[in-house]
Amino acid sequence: MNWYLGVLKNYAGFSGRARRTEFWMFVLFNLIVEIVLTVIDSAIGLSSILVGLYALAVLIPGLAVSVRRLHDTDKSGWFLLLGLIPLVGGIILIVFSATAGTVGQNKYGHDPKQHPAHV
């Protein structure tokens, strides 16, 4: 939960680097929340209104943590545009997100493993 809240606190922070744990915990928590909201939407009879509002609320933090994750692997945030390529782009982004970050400082900042944001 701290990883998720940390991403939300850094709402529009596109600079710096994000560890794999920070990124994947944010993705996991988003998935859990969306599943719960989908069940609530279905039970109430809404047509995905709550899920849509939640997705809109976490759009900017999701983009920001994705860019910071790419920065950790020493890649530009513009690589997110690969996601626009059907099927292949998403697979490439998953591989980039699962790849270990650059050890030590890179052009995007200090190594988050050496300077942890969440203690």
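Which helix does L53 lie in? L53 lies in helix α3, where helices (H or I, at least four residues) are DSSP runs numbered from the N terminus. The model shown is predicted, so local features need pLDDT of at least 70 and side-chain atom pairs count only at pLDDT 80 or more, while totals for chains, interfaces and linings use all residues. Residues are numbered from 1 along each chain as its sequence is written, and side-chain values use heavy atoms, with hydrogens and water left out.

**View 1. L53 and the nonpolar surface patch.** L53 is exposed, with a relative accessible area of 53%; exposed means over 50%, buried under 20%, and partly exposed in between (1.4 Å probe, protein chains only). Together with M25, L28, I32, V36, I40, I44, L46 and I49, L53 makes a nonpolar surface patch of about 770 Å². The elements that give two or more residues to this patch are α2 and α3, and its largest share, six residues, comes from α2. Such patches are made of residues with over 30% relative accessible area and no salt bridge, nonpolar side chains (Val, Leu, Ile, Met, Phe, Trp, Tyr) being joined within 5 Å; areas come from the Shrake-Rupley method with a 1.4 Å probe.

**View 2. The largest nonpolar core.** Eleven residues form this core, namely Y4, V7, A18, F23, F26, V33, L37, V51, Y54, V58 and V65, a core being a set of buried Ala, Val, Leu, Ile, Met, Phe, Trp, Tyr and Cys residues joined through side-chain atoms within 4.5 Å. Helices α1 (2–9), α2 (20–44) and α3 (49–57) each supply at least two of its residues, and the largest share, four residues, comes from α2.

**View 3. D72 and its salt bridges to R17 and R69.** D72 lies in helix α4 (residues 59–72) and is buried, with a relative accessible area of 4%. D72 forms a salt bridge (a side-chain nitrogen of Lys or Arg within 4 Å of a carboxyl oxygen of Asp or Glu) with R17, the closest N and O atoms being 2.7 Å apart. This pair links distant parts of the chain, 55 residues apart, with R17 in the loop between α1 and α2. The side chains of R69 and D72 also meet in a salt bridge (2.6 Å, N to O), and these two residues are three residues apart in helix α4, about one turn.

**View 4. R17 and D111.** R17 forms a salt bridge with D111, the closest N and O atoms being 4.0 Å apart. D111 lies in the segment after α5 (88–98), so the pair ties together parts that are 94 residues apart in sequence. Both R17 and D111 are buried.

How values were computed:
Patches are made of residues with over 30% relative accessible area and no salt bridge: like charges are joined within 9 Å, nonpolar side chains (Val, Leu, Ile, Met, Phe, Trp, Tyr) within 5 Å.
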